[in-house]
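Biologist: I would like to learn how to read surface patches and helix faces. Can we work through an example?

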Amino acid sequence: MQNNLFIYNSLSKKKELFKPLHSSFVGLYVCGPTVYSDAHLGHARPSITFDLLFRYLTHLEYKVRYVRNITDVGHLENDADEGEDKIEKKARFEHLEPMEVVQKYMNSFNKNMEQLNTLHPSIEPRASGHVIEQQELIKILIEKGYAYEINGSVYFDLLKYNKEYHYGKLSGRVLEELQSNTRALDGQDEKRNSFDFALWKKATPEHIMRWPSPWSDGFPGWHLECSAMSTKYLGDEFDIHGGGMDLQFPHHECEIAQSTAALGKEPVKYWMHNNMITINGQKMARSLDNFITLDQLFSGNHPVLQQAYSPMTIRFFILRAHYRSTIDFSNEALQAAEKGLQKLMKAIETLNKLKPSASSTIDVTTLEKKCYEALDDDLNSPILLSHLFEGVKFINSVVDGSEKIDDPGLEALKDLFNTFVFEILGLKDETTGKGDEKLTGELMKIIVDLRQDSKNNKDWATSDKIRTNLKNAGIELKDLKDGVDWERE
RNA sequence: GGUCGGUUAACCGAGUGGCUAGGUAGCGGUCUGCAAAACCGUUUACGGCGGUUCGAAUCCGCCACCGACCUCCA
């Protein structure tokens, strides 16, 4: 299997040619959400970024196992390891069983992801379903001397680990500096060092989510689940690990430390991190309370939103920027994305109605090559889109008569748009399927005929009245050179 | 304070040494009974100061501003 895909590896800080560990198989692990509230715009970024990667690798005929976890336990409020489990906190707040909270927000997350047309991962494991695997991992770490137990809790010994390996290589940290820069937090007394992190926490009496273990009735630390589940489903070593840039430290460093200590080798070949979505120049995050949920975007129901934005507008908005750049939220940018997407979709509709000529003035092969080059260059979706818009201009020029396309070219161009727009970028036409298309078509034909009669009689008042009233009803008429086109707004 | 990244035209957003990115919004034109759409043309760029080079948005240095991480976060 061959490819020219270069991806930016956060570990080496360079673009590297992607070579999978096992020729035709790819193992991909992406950090999923902690399910304690509705998904917001920020959550759409990694989902869409790695959906694009998943789709492209699949298109390249790799057999991809895409694992995205659901964090439904053990996620503490702060790294003092004395905080409150987010899910339990929410459960008390909403008077629900913790697992009810998990189910509720897992469902809404999945619904939102389907709306965004992201493909389901191959496996969506839940941390709560892998407590045994996590405990096994802890046992290995204790045996090998990388973890220690105190008062029923188990911590990772970073000082010991750092003697043999380099903790901080992904995020460019040095342990000694971390020690001096770590803020003084309460409740760290029992750890040997402030930077050691919890693998297992003994539950306080009021803590509901708890599991028996050799050390105490308790629950696993956050970083552990990803190590345990990625190893279980993708093996000791796998190809790509993805997630948001904000997870690089400490989460991904801890993952590397846990897996490397337990297995004696580094687990991940390529680390990929998507950048953040900002609002007013600041990161959008639940903890900063400046987020807009996806449901709010889809409905327009939020004070800062001037209108509703469809799921595909959001998807297009995100694909318009490279995944390693920040995207600043604004109504203007979203409206521009909406218009651009409409233009693209309209052109594809036009393409399917195009009549071939005897000759062609376009080289589809070159265009296709440029599209692949864009994706191969670290998934450069904005460049890919700029090439597709070249195609859009060409399609419209054929209608206009200034360009021509022959039958093979037409088929190739249709194929190209199909492949890149729908299959790889994962966009879809949102206008179809509304109402009774067939009947509407028949009725529109009658109305357009009647209007043509009045136009032939130069009865502009009537023809304009028909057009205006249709517009008020949400249908726009366009008088073309030969015939009339109409579309829903 | 430490580490890292960013600053591109009205807005968004690509681009790593010479070649029109693209989208949205303006403006002018073609087409049209008018309009819309489309097409053609077009206006504001590379934070500042220095350096390297025949040539820099792109490389180097300094400065300014913004942000991310250093607590949970996608």
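Modeller: Start with the surface. Leu439, Leu443, Ile446 and Leu450 form a nonpolar patch there, with about 390 Å² of accessible area together. This is a predicted model: local features need pLDDT of at least 70, side-chain atom pairs count only at pLDDT 80 or more, and totals for chains, interfaces and linings use all residues. Residues are numbered from 1 along each chain as its sequence is written, and side-chain values use heavy atoms, without hydrogens and water.

Biologist: Is Leu439 buried, partly exposed or exposed?

Modeller: Buried means under 20% relative accessible area, exposed over 50%, partly exposed in between (1.4 Å probe, protein chains only). Leu439 has 46%, so Leu439 is partly exposed. Leu439 lies in helix α15 (residues 437-456). Helices are DSSP runs (H or I, at least four residues), numbered from the N terminus.

Biologist: Which residues of α16 are buried?

Modeller: Ser463, Ile466 and Leu470. They sit on the same side of α16, because they cover an arc of only 60 degrees around the axis. That arc is taken from the directions from the helix axis to the C-beta atoms. The face turned away from the buried side carries exposed Ala461, Lys465 and Asn472.

Note on methods: Chains are lettered from A and ligands numbered from 1 in the order in which they are written. Patches are made of residues with over 30% relative accessible area and no salt bridge: like charges are joined within 9 Å, nonpolar side chains (Val, Leu, Ile, Met, Phe, Trp, Tyr) within 5 Å. Accessible areas come from the Shrake-Rupley method with a 1.4 Å probe; for residues, only the protein chains shown count as cover. A salt bridge is a side-chain nitrogen of Lys or Arg within 4 Å of a carboxyl oxygen of Asp or Glu. Helices (H or I, at least four residues) and strands (E, at least two) are DSSP runs, numbered from the N terminus.
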